[in-house]
Amino acid sequence: MQEPLLRAEGLDYDTFPEVPATPGERERAGALKNRRVFLATFAAVLGNFSFGYALVYTSPVIPELKLSSDPALHLDKIQASWFGSVFTLGAAAGGLSAMLLNDLLGRKLSIMFSAVPSAIGYAIMAGARGLWMLLLGRMLTGFAGGLTAACIPVYVSEIAPPDVRGALGATPQLMAVFGSLSLYALGLLLPWRWLAVAGEGPVLIMILLLSFMPNSPRFLLSKSRDEEALQALTWLRADSEVHWEFEQIQDNVRRQSSRVSWAEAREPRVYRPVLIAVLMRFLQQLTGITPILVYLQTIFDNTSVVLPSQQDAAIVGAVRLLSVLIAAVTMDLAGRKVLLYVSGYAMGWGPITWLLMSEVLPLRARGVASGLCVLVSWLTAFVLTNYFLLAVNAFGLQVPFFFFSAICLLSLLFTGCCVPETRGRSLEQIEAFFHTRRMSFRP
């Protein structure tokens, strides 16, 4: 057996130095070995497409329902705030359930399970006859979104090889943005009920494709299903010579076969990565992205822009999509921290927080900790989304946006002080890094 990727040196852990591959070797390896990883990733991130679609569903619908002649569906300001924000309560509940389901059912089955509340929620909103049905539908689609937000990044990071993990780690955010853009575009053509009907399509396609994809090899090994894990890794790599990589993963999983105890949770190697991931998701929401997206057309209606608010929202969606595409291409070249420093939300704090959450969390706590991150994220989003319109009505748009700007500056300080660069590192190397108590991978 070859020597494990991680090794002990005295009391600390260290990792082997990286052996750089030539550009030609990387290109050939990517073309031959990663095509099935790309397929599995695409199947999973369709859940993020549905999440992005559902998140901004209220953007074109609230203005339409404010003008509704049906008294059962007409929305006032308070009702509009709840219609927009209740999604985030459902997402928080979904994150809470992921703390259990991620390790009980596994990453893949948890993603597939999210299709049930999503499909039911869209159906309820499509046939809504009163406000309570609209709120229930939003709550259910939010629950599905919170569950996928916790499970999909973990699944993608655990099946992806290190050289493309950055690019694939951006795909959840990429598909969420594409889902939002699709909603904005369809909002120019379809009435609000048919927008809900259209949301069923990606959910059904996701279920169909994922049923043919393997589970995470790391999850299977954690359940002592070694033969299935080897088969899954062999299929994902499209290569029978995966025994060296399999042994590295197996070695790491065996050393972490038990759950994290409360005593271990107080050790820096456990609480440091969890705290980094939780704070990143907390700060990500405090930048104001969720209320801005949920009420995008309402925000444009309160400004003096020339184009109609529906077209402005679609343009914002297109710019976000382009930005995430650039991030996906450059993330493994420039690194995570560089993009966090120099780019906007869609290129930095949008996709990278999803990726870093799945990269830095320790394997033994990954299922529970990812659910905790999503829970904190969406509880924060609920508070912001529920009070955003009230703050705008009381103080104008400038006060909330000044607050969001201040949080962006705070996020830069947090990035410089606390966030490690994980580009080009395997998950096992990243986990070993937190054993060293160093602040960066450099010696």
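**A buried pair of rings**

Decide whether F51 and W378 are buried or exposed, and then describe how their rings are placed.

Solution. F51 is buried and W378 is buried as well, where buried means under 20% relative accessible area and exposed over 50%, with partly exposed in between, for a 1.4 Å probe and protein chains only. The model is a predicted one, in which local features need pLDDT of at least 70 and side-chain atom pairs count only at pLDDT 80 or more, while totals for chains, interfaces and linings use all residues. Residues are numbered from 1 along each chain as its sequence is written, and side-chain values use heavy atoms, with hydrogens and water left out.

The next step is to look for ring pairs, that is, rings of Phe, Tyr and Trp (its six-membered ring) with centres within 6.5 Å, called stacked if the planes are under 30 degrees apart, edge-to-face if over 60 and tilted for the rest. Ten aromatic pairs are found by this rule. In one of them, F51 and W378 have ring centres 5.5 Å apart and planes at 75 degrees, so this pair is edge-to-face. Because F51 belongs to helix α2 (residues 35-55) and W378 to helix α22 (residues 366-395), the pair ties together parts that are 327 residues apart in sequence; helices (H or I, at least four residues) and strands (E, at least two) are DSSP runs numbered from the N terminus.

**A further partner for W378**

Work out how F87 is placed against W378, and which helices the two residues come from.

Solution. F87 and W378 also form an edge-to-face aromatic pair, with 6.3 Å from centre to centre and 80 degrees between the planes. This pair links distant parts of the chain, since F87 is in helix α4 (residues 77-104) and W378 in helix α22, 291 residues apart. F87 has a relative accessible area of 0% and is therefore buried, and W378, at 2%, is buried too.

**The largest cavity**

Find how much space lies in the largest cavity, and which residues are the closest to its centre.

Solution. A cavity is a set of points on a 1 Å grid over the protein atoms alone where a 1.4 Å probe fits but cannot get out, and its lining residues have an atom within 4 Å of a point. The whole structure holds four cavities of 30 Å³ or more, and the largest has about 140 Å³ of space. Its lining comprises 16 residues, of which F51, L55, Q173, Y345 and W354 are the closest to the centre. Helices α2, α9 (171-187), α16 (268-286) and α17 (289-294) each supply at least two residues of this lining.

**The chain as a whole**

Determine how many helices and strands the chain has, and how many residues of helix α24 are buried.

Solution. The chain has 24 helices and two strands, and 57% of its 443 residues count as buried. Helix α24 (residues 427-436) is mostly covered, with nine of its ten residues buried, including F433 and F434.

Note on methods:
On a 1 Å grid over the protein atoms alone, a cavity is a set of points where a 1.4 Å probe fits but cannot get out, and a pocket is an open set with protein on both sides within 12 Å along at least five of seven lines; lining residues have an atom within 4 Å of a point. Grid points are joined across faces, edges and corners, and a volume is the space filled by probe spheres set on the points.
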